[in-house]
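Here's a quick walk through one protein model, with an eye on its side chains. Have the structure open as you read.

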Amino acid sequence: AKQIEVPVPDFAITLSHQGEWGFCSRYRSDAIRDALPFLRGHRHQTLMLQMSDIMALDVWVGNVDRNLGNLLVGGRDGENVLIAIDFEKAGAVTQEHPTADLMMRQDREFWPSELLGQICNGAPFPRHLALIAQNAARWTSAILDTMAQSFGLEYHWRSATEHVLLSRADGLQQICEQLWKR
């Protein structure tokens, strides 16, 4: 996320006592949970450009759960920035069978839901699609290597996840073009 200028809290990958793994974000005491006034405020266009990049990341990782409840607003250099949280429904990285999960999804499911989806109509086109496509193999390999070493993940899961992320990176431009035409 940070390579494509999408702020996310520091996080850790955890393994529960039941053998299930997940992502845990560090608490951000400097961030505000209610992004709505900022998205409707006078700096709306700057935040909408950031929102477009968050949406592109969600499309790439198969996250179907972007809404106002999983955005924070924090400050950086005197400017408000959107901070993306809650990626637990990112099918490419959280499902045991990511190919099957994402094949059953319609592209429109990756557009933000509820009021945030309405606010995003007319959002600028994402800036970093080519960067994702060019670097997906390196980024994916590094992240999955770390996870496999840390948790002893099965080769099948790693292979399927890598395949899905690389395939989605290759088709990201086309998916986003369809979503932004809606």
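Start with Asp58, which sits in helix H2 (residues 44-61). This is a predicted model, so treat what follows as computed from the prediction. Asp58 has 0% relative accessibility, so it counts as buried, the cut-off being under 20%.

What does Asp58 touch, leaving aside residues up to four places away in sequence? The list is Asn63, Arg66, Phe87 and Phe110. With Arg66 there's also a polar contact, side chain to side chain, at 2.8 Å.

## Two arginines over rings

Arg66 turns up again here: its charged end sits over the ring of Phe87, 5.0 Å from the ring centre.

The charged end of Arg168 sits over the Phe110 ring, 4.7 Å from its centre.

## Aromatic pairs

How many aromatic pairs does the structure hold? There are three. Take Trp60 and Trp139: their ring centres are 6.4 Å apart and the planes make an angle of 55 degrees, a tilted pair. This one links distant parts of the chain, with Trp60 in helix H2 and Trp139 in helix H6 (residues 129-151), 79 residues apart. Trp60 counts as buried because its relative accessibility is 8%, and Trp139 is buried too, at 11%.

Then there's Trp111 with Trp180. The centres are 5.2 Å apart and the planes stand at 75 degrees, so this pair is edge-to-face. Trp111 is in the loop between helix H4 (98-103) and H5, while Trp180 is in helix H7 (residues 155-181), so the pair ties together parts 69 residues apart in sequence. Trp111 is buried at 8% relative accessible area, and Trp180 counts as buried at 18%. Phe125 joins in as well: ring pairs link Trp111, Phe125 and Trp180 into a cluster.

The protein's mean pLDDT is 85, and 92% of its residues reach 70 or more.

Technical notes
Residues numbered from 1 in each chain as written. Predicted model: local features only at pLDDT ≥ 70, side-chain atom pairs only at ≥ 80, totals over all residues. Heavy atoms only, no water. pLDDT = per-residue confidence, 0-100. Helix = DSSP H or I, 4+ residues; strand = E, 2+ residues; numbered from the N terminus. Buried < 20%, exposed > 50% of the residue type's maximum accessible area, 1.4 Å probe, protein only. Polar contact = N/O pair within 3.5 Å; in protein donor to acceptor, adjacent residues only side chain to side chain. Contact = heavy atoms within 4.5 Å. Phe/Tyr/Trp six-rings, centres within 6.5 Å; stacked < 30°, edge-to-face > 60°. Lys NZ or Arg CZ within 6 Å of the ring centre and 35° of its normal.
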